[in-house]
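Try each task before you read its solution.

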Amino acid sequence: MLTKEILRIKGTVLYTIAPEGRLWDAVSTMVENDIGSLVVMDHGRLVGMLTFREVLAALHRFHEEFARLKVEDVMLKEPRSVGPDMEVDDLRRTMLESHARYMPVMDGTTLVG
């Protein structure tokens with residue numbers, strides 16, 4: 001099975017946010033859509049990932065300042081991505097090695113999932 005087959009089953013909805021977006025808005029998007037991550041895009045280019053892991057770390061680290069943070073302050077910068085033709089076993093190994101629960105799927109420079 002290939003990564004693109006998982007995407008076909010999962011659906012085509014992608015949730016993204018700009019790096020200068022407010023972290024509070026990112027959390028709202030994640031909660032309202034019952035998702036665990038957002039892809040951070042800047043002018044059509046993948047620049048980061050924001051997952052609940054980064055959000056919780058920011059809450060722990062910044063406490064009262066949390067509401068003033070921007071996504072770029074806490075996002076995982078330049079996350080590893082995979083291609084749509086990667087075998088699922090290779091995807092699983094890649095995710096385990098990088099301790100990632102979410103991984104962007106890129107077809108060249110285009111975010112596809």
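**Exercise 1. Find the loop that holds His43, then work out whether His43 is buried or exposed.**

Solution. Start with the location: in this predicted model, His43 sits in the loop that links E2 and E3. Next, take its relative accessibility, which is 79%. The cut-off for exposed is over 50%, so His43 counts as exposed. Finally, look at the backbone: phi is positive, about 50 degrees, even though His43 isn't a glycine.

**Exercise 2. Decide whether Met41 is buried or exposed, and list what it contacts beyond four places in sequence.**

Solution. Met41 belongs to strand E2 (residues 37-42). With 18% relative accessibility, Met41 counts as buried, because buried means under 20%. Now skip the neighbours within four places: the contacts of Met41 are Thr16, Ile17, Ala18, Pro19, Leu46, Val47 and Leu111.

**Exercise 3. Explain why the buried residues of H3 lie on the same side.**

Solution. First, pick them out: Glu54, Val55, Ala58 and Phe62 are buried in H3 (residues 52-62). They span an arc of only 100 degrees around the axis, which places them on the same side of H3. Then check the face turned away from that buried side: there you'll find the exposed residues Leu56 and His60.

Notes: Residues numbered from 1 in each chain as written. Predicted model: local features only at pLDDT ≥ 70, side-chain atom pairs only at ≥ 80, totals over all residues. Heavy atoms only, no water. Buried < 20%, exposed > 50% of the residue type's maximum accessible area, 1.4 Å probe, protein only. Helix = DSSP H or I, 4+ residues; strand = E, 2+ residues; numbered from the N terminus. Arc of directions from axis to C-beta. Contact = heavy atoms within 4.5 Å.
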